Amino acid sequence: MMEKTKIGFNAGKVWRILNEKGELSMFNLCHELGLTFEDVAIAIGWLARENKIFLRKKEGMLFASIENVEFSFG
């Protein structure tokens with residue numbers, strides 16, 4: 001089982017890259033951050049649960065962004 005500390009750290013990495021680059025697909029997040037699909041999916045779940053990211057499906061792929069989110073990740 002993955003440690004909560006690692007999940008939180010990865011969530012911060014995902015949020016920062018989305019803040020810097022805008023909307024990215026799961027594939028691009030994995031590539032940009034050098035994380036596994038599982039690590040990115042868990043981090044996105046963490047951020048989504050806290051309402052810190054916006055998710056949408058486009059062309060059969062999941063995309064994440066911080067657009068339409070009223071507050072930022074500290």
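User: Is E50 buried, partly exposed or exposed, and why?
Analyst: E50 counts as partly exposed, because its relative accessibility is 32%. Buried means under 20% relative accessible area, exposed means over 50%, and partly exposed is in between (1.4 Å probe, protein chains only).

User: What are we looking at, an experiment or a prediction?
Analyst: This is a predicted model; local features need pLDDT of at least 70, side-chain atom pairs count only at pLDDT 80 or more, and totals for chains, interfaces and linings use all residues. Residues are numbered from 1 along each chain as its sequence is written, and side-chain values use heavy atoms, with hydrogens and water left out.

User: What is the mean pLDDT of the protein chain?
Analyst: The mean is 90, and 88% of the residues reach 70 or more. pLDDT is the predictor's confidence in each residue, from 0 to 100.

User: Back to E50. Which residue forms a salt bridge with it?
Analyst: K52 does, with the closest N and O atoms 3.2 Å apart. A salt bridge here is a side-chain nitrogen of Lys or Arg within 4 Å of a carboxyl oxygen of Asp or Glu. K52 counts as buried because its relative accessibility is 16%. Elsewhere, salt bridges that share partners join E23, R56 and K58 into one network.

User: How far apart are N and O in the E23 and R56 salt bridge?
Analyst: The distance is 2.6 Å, N to O. That pair links distant parts of the chain: E23 sits in the loop between α1 and β1, R56 sits in strand β2, and 33 residues separate them. E23 is partly exposed because its relative accessibility is 23%. R56 is partly exposed too, at 33%.

User: How many salt bridges does the structure hold?
Analyst: It holds 4. One of them joins the side chains of E32 and K21, at 2.9 Å from N to O. This pair also links distant parts of the chain, with E32 in helix α2 and K21 in helix α1, 11 residues apart. E32 is partly exposed at 36% relative accessibility. K21 is partly exposed at 42%.

User: Zoom out. How many helices and strands does the protein chain have?
Analyst: There are 3 helices and 3 strands. Along the sequence the pattern reads α-β-α-α-β-β. Helices (H or I, at least four residues) and strands (E, at least two) are DSSP runs, numbered from the N terminus.

User: In what order do the strands form the sheet?
Analyst: The order is β1-β3-β2, in an open sheet with antiparallel pairing. The edge strands are β1 and β2, each pairing on one side only. Strands count as paired if DSSP finds at least two bridges between them. For β2 and β3, 5 bridges do the joining.

User: Now α1. How many residues does it have?
Analyst: Helix α1 has 18, covering residues 4–21. From first C-alpha to last it reaches 26 Å, close to the 26 Å expected at 1.5 Å a residue. The expected span is 1.5 Å times one less than the number of residues. After α1 comes G22, whose phi is positive, near 85 degrees.

User: Which residues of α1 are buried?
Analyst: They are I7, G8, N10, A11, G12, V14, W15, I17 and L18.

User: And what covers them?
Analyst: The cover includes β1 (24–25), α2, α3 (37–49) and β3 (61–65). Contact means heavy atoms within 4.5 Å.

User: Next, S25. Buried or exposed, and why?
Analyst: S25 is buried, because its relative accessible area is 2%. S25 is found in strand β1. Leaving out residues up to four places away in sequence, S25 touches M61, L62 and F63. A polar atom of the S25 side chain also lies 3.0 Å from the backbone nitrogen of N28.

User: Last one. Where does F27 lie?
Analyst: F27 lies in helix α2, residues 26–33. F27 counts as exposed because its relative accessibility is 57%. F27 and M61 are 34 residues apart in sequence and 8.6 Å apart in space, C-alpha to C-alpha.

User: What share of the 74 residues counts as buried?
Analyst: The share is 38%.

Terms used. Polar contact = N/O pair within 3.5 Å; in protein donor to acceptor, adjacent residues only side chain to side chain.
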